[in-house]
Each structure stands twice: as structure tokens, then as C-alpha cells.
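Here is a short briefing for a first look at this structure. Keep the sequence and the 3D view side by side as you read.

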Amino acid sequence: MFELISIENDCMTRYVYLKNCETGVVELCFDDSELCYEGQKDFWFMKVGERYECKILLFGCPLKPGEEIDEDCILCRIIGPMEKLGLYNIIPVESGGNYYYISEKDAKKIGYADGFIFHSTRRDLVQVNDVIIPRFL
């Protein structure tokens with residue numbers, strides 16, 4: 001469960017700050033759900049101060065052995081089986097008590113290893129309550 005702390009609007013996208021209600025960690029998430037086909041639902045229904053069930057996809061790539069670790073890197077472990085989200089397969093991962101998802105493509109790069117380092121340049125909001133981001137449909 002996440003509480004929406006604030007929103008920063010950009011031209012066609014926005015950044016939402018979500019506070020994990022269990023860990024207290026504030027996540028800066030990219031929301032491009034408005035860039036969808038007319039008639040599809042987006043995440044613009046969200047209101048500051050309200051709580052939502054959210055799925056956050058780590059955008060980036062797993063590090064290869066020998067690659068340099070920087071401030072965008074997090075230690076992750078796979079915590080569950082593959083899930084279907086719209087047309088895509090995602091894999092749940094945990095890092096420091098926080099739960100995220102990675103793409104099936106990224107999981108294949110690490111060979112579904114239990115522990116790995118992920119270079120996450122962005123966190124994408126891909127589901128809020130029962131609404132899935134339109135680009136996944």
C-alpha cells in the first residue's frame with residue numbers, strides 16, 4: 001500500500017511521489033499513463049493523501065559481473081513466480097523490504113538468480129489498484 005505524497009506534472013507525463021506505508025520509503029515514480037488511446041483508463045484519478053495498491057517496475061538493467069556499482073544500483077532478490085500484467089510478464093523482486101517488479105527480459109539476463117544487482121535509472125508506475133498502464137494492454 002502506498003500513499004500519494006505529491007505530483008510533479010510535465011508536458012505529457014508526470015512524476016508521482018509514493019510513500020510505502022509499511023517501510024516509509026518514498027518512491028519517485030514515472031507516470032506516462034496519460035499517453036494512451038482515447039477511452040483507456042490512466043492514473044490521473046489519483047489524489048494526494050489517498051492510499052493505493054501499486055505495482056512499480058524497475059526500469060534499467062541488471063549489472064553484469066565486473067560492472068561498476070553506482071548510486072542507482074540496488075541489491076534485489078526474486079521473491080515470487082512470474083505474473084502476467086496485461087500483455088507482459090513481470091517478476092516480483094524485493095530490495096530492502098520494498099517490493100518491485102522487473103521485466104521477464106531482465107530476469108532472463110540474470111538467469112532468474114536469487115540475488116542480483118539492478119541498475120535502476122527510473123521506477124515506472126505500471127498498476128494502481130486494478131488499473132493497468134495502457135501501454136501494457
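Contact here means heavy atoms within 4.5 Å. This is a predicted model, in which local features need pLDDT of at least 70, side-chain atom pairs count only at pLDDT 80 or more, and totals for chains, interfaces and linings use all residues. Residues are numbered from 1 along each chain as its sequence is written, and side-chain values use heavy atoms, with hydrogens and water left out.

**Confidence**

- pLDDT is the predictor's confidence in each residue, on a scale from 0 to 100.
- The protein chain has a mean pLDDT of 93. Of its residues, 96% reach 70 or more.
- Among the elements, strand β4 (residues 51–52) has the highest mean pLDDT, 98. Helix α1 has the lowest, 92.
- Where pLDDT is low, the predicted coordinates should not be read in detail.

**Overall build**

- The protein chain holds one helix and eleven strands. Helices (H or I, at least four residues) and strands (E, at least two) are DSSP runs, numbered from the N terminus.
- From the N terminus on, the order is β-β-β-β-β-β-β-β-β-α-β-β.
- The C-alpha trace spans about 45 × 30 × 25 Å along its principal axes.
- Among contacts with a separation of 6 or more, 58% join residues 24 or more positions apart.

**Surface and burial**

- The accessible surface comes to about 7800 Å². Carbon and sulfur atoms own 52% of that surface.
- Accessible areas come from the Shrake-Rupley method with a 1.4 Å probe, and for residues only the protein chains shown count as cover.
- Buried residues make up 41% of the 137 residues. Buried means under 20% relative accessible area, exposed means over 50%, and partly exposed lies in between (1.4 Å probe, protein chains only).

**Aromatic rings and charges**

- The whole structure has three aromatic pairs. One of them joins Tyr88 and Phe136, which are tilted, at 4.8 Å centre to centre and 55 degrees between the planes.
- This pair links distant parts of the chain, 48 residues apart. Tyr88 is in strand β8 (residues 88–95), and Phe136 is in the segment after β11 (131–132).
- Rings of Phe, Tyr and Trp (its six-membered ring) pair if their centres lie within 6.5 Å; planes under 30 degrees apart count as stacked, over 60 as edge-to-face and the rest as tilted.
- Tyr88 is partly exposed, at 42% relative accessible area. Phe136 is buried, at 6%.
- The charged end of Arg14 sits over the ring of Trp44, 4.3 Å from its centre. Arg122 lies over the face of Phe30, at 4.3 Å from the ring centre.
- A charge sits over a ring if NZ of Lys or CZ of Arg is within 6 Å of the ring centre and within 35 degrees of the ring normal.

**Buried residues and their contacts**

- Asp106 is in helix α1 (residues 104–110). Asp106 counts as buried, because its relative accessibility is 7%.
- Beyond four places in sequence, Asp106 touches Leu58, Gly60, Cys61, Pro62 and Phe118.
- Phe43 lies in the loop between β3 (26–31) and β4. Phe43 is buried, at 0% relative accessibility. Its contacts beyond four places include Arg14, Leu125 and Val126.
- Val126 is in strand β10. Val126 is also buried, at 0%. Its contacts beyond four places include Phe43, Leu85 and Phe136.
- Ser120 lies in strand β10. Ser120 is buried, at 3%. Beyond four places in sequence, Ser120 is in contact with Leu58, Phe59 and Asp72.

**Distances and backbone**

- Val126 and Asp114 are twelve residues apart along the chain, and their C-alpha atoms are separated by 23 Å.
- Ser120 and Leu63 are 57 residues apart in sequence and 9.9 Å apart in space, C-alpha to C-alpha.
- Most residues other than glycine have a negative phi. Asn129 is not a glycine, yet has a positive phi of about 50 degrees.
- Asn129 sits in the loop between β10 (115–128) and β11. Asn129 is partly exposed, at 35% relative accessibility.
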